[in-house]
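This report looks at salt bridges in a protein chain. Please have the sequence and the model at hand while reading.

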Amino acid sequence: MSNDQQVTYTPAHIAIVAGGTISEKIADQIRTMDYIIGADRGALYLVQHNIIPDQALGDFDSVTEDEREHIRASSRKYMDCDAVDKNYTDTELAFNHAIAMKPTQITLFGVTGTRLDHTLSNIHLLRKAVDEGIKCQIVDEHNIIMLTNSSVTLQTNSFPYVSLLPLSSTVTGITLTGFKYPLHDATLQIGQSLGISNEWDDVDTASVQVREGYLLIICSRD
């Protein structure tokens, strides 16, 4: 077990790969990142796709002993944790490791899937990045998920639907430009569906502005 979590530079863009649902198409996108962290079974996905994890970490309770040794041998750094005596999920451990390096951006892969509890927990991690001033997104085959408490400019993309959901009890001062259904100084509260399934207008960029609160932005496709 290695406790060395230091890096000699600050990577601009960190990828975290966890053990949730990951499309085979995602591997090429992961390869473009400056620093790659594999969390538990996510590290196995990386080495099976000939991607060297800069850091593999977790309790590795979802892999076999042979797979664990393969991960250890194939990673630049390796850290395992006790499966019982830890207070964080493997994904949050990886996220905390990434936050400590103070990158410009973090992208999480394999953090959505069949376990809704883990998916929701991972979405909540976005708030920690916002509070640290780090751009962060969750990416899977059908969704790009972001969080803002101020403003964000979005490039229109192949995900045709854009939904807005409050992650705090109330979000005020919501103004949308570049969308089919604009809003101006609107308020959303938890339990409302007003922000579901908006669409891009005929523009290259769109913007979301928030005065107060935390607003999830989910770009999705079927």
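Is Glu 69 buried, partly exposed or exposed? Glu 69 is partly exposed, with a relative accessibility of 37%. The model is a predicted one.

## A pair within helix α3

Glu 69 forms a salt bridge with Arg 72, with N and O 3.4 Å apart. Both residues belong to helix α3, where they are three residues apart, so about one helical turn separates them. Arg 72 has a relative accessibility of 31% and is also partly exposed.

Glu 65, Arg 68 and Asp 80 make up one network, joined by salt bridges that share partners.

Arg 41 and Glu 67 form another salt bridge, and their closest N and O atoms are 3.9 Å apart. Arg 41 is partly exposed at 36% relative accessibility, and Glu 67 is partly exposed at 22%.

Lys 25 and Glu 141 meet through their side chains in a salt bridge of 3.9 Å, N to O. Lys 25 sits in the loop between β1 (13-17) and α1 (26-31), and Glu 141 sits in the loop between β6 (135-139) and β7 (143-148), so the pair links parts that are 116 residues apart in sequence. Lys 25 is exposed, at 66% relative accessibility, whereas Glu 141 is partly exposed, at 33%.

## The total

How many salt bridges are counted? The count comes to ten.

Terms used
Residues numbered from 1 in each chain as written. Predicted model: local features only at pLDDT ≥ 70, side-chain atom pairs only at ≥ 80, totals over all residues. Heavy atoms only, no water. Salt bridge = Lys/Arg side-chain N within 4 Å of Asp/Glu carboxyl O. Helix = DSSP H or I, 4+ residues; strand = E, 2+ residues; numbered from the N terminus. Buried < 20%, exposed > 50% of the residue type's maximum accessible area, 1.4 Å probe, protein only.
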